[in-house]
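Me: I am new to this structure and would like to learn how to read a few of its features, one at a time. Could you take me through them?

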Amino acid sequence: MAEQTANKQRRIEIATDDLPLHCPMPSMLLWNAHPRVFLPIEQTGEALCPYCGTQYILKGGAKASH
């Protein structure tokens, strides 16, 4: 079982396996979380959660669209 972390980390690097991206992430504690919000990260390689301000960075950067 993965260790759950508080929603205090402000910069999180994610992999393409984590897509579609939503905040809070499954590893975050739910008792201090906000409503789940899906974040578009594929085009820019970065996303900012409007609720908690966590910055997400996509490993490898933005993906080219087809």
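Me: What average pLDDT does the protein have?

Reply: This is a predicted model, and the protein averages a pLDDT of 82, with 77% of the residues scoring at least 70. Over residues 1–6 pLDDT stays under 50, and for this stretch the model has eight contacts beyond four places in sequence.

Me: How many disulfides does a search of the whole structure find?

Reply: A disulfide is a covalent bond between the sulfur atoms of two cysteines. In this structure the search finds zero disulfides. For Cys-49 the nearest cysteine sulfur is that of Cys-23, 3.7 Å away, whereas a disulfide needs a pair of sulfur atoms within 2.5 Å. Cys-52 is likewise in no disulfide, and its nearest cysteine sulfur, that of Cys-49, is 3.7 Å away.

Me: Is Cys-49 buried or exposed?

Reply: Cys-49 is buried, because its relative accessible area is 2%, and Cys-52, at 18% relative accessibility, also counts as buried, since the cut-off for buried is under 20%.

Me: Which residues have the most contacts inside the largest nonpolar core?

Reply: In soluble globular proteins, nonpolar side chains tend to be buried together. Here the largest nonpolar core has 14 residues, and those with the most contacts inside it are Ile-14, Leu-21, Cys-23, Leu-39, Ile-41, Cys-49 and Tyr-56. Strand S1 (11–14) and strand S5 (55–58) are the elements that give two or more residues to this core.

Me: Which residues does Leu-21 touch, not counting residues up to four places away in sequence?

Reply: Counted in that way, Leu-21 touches Ile-14, Val-37, Phe-38, Leu-39, Ile-41, Ala-47 and Tyr-56.

Definitions and conventions: Residues numbered from 1 in each chain as written. Predicted model: local features only at pLDDT ≥ 70, side-chain atom pairs only at ≥ 80, totals over all residues. Heavy atoms only, no water. Buried < 20%, exposed > 50% of the residue type's maximum accessible area, 1.4 Å probe, protein only. Core = buried A, V, L, I, M, F, W, Y, C linked by side-chain atoms within 4.5 Å. Helix = DSSP H or I, 4+ residues; strand = E, 2+ residues; numbered from the N terminus. Contact = heavy atoms within 4.5 Å. pLDDT = per-residue confidence, 0-100.
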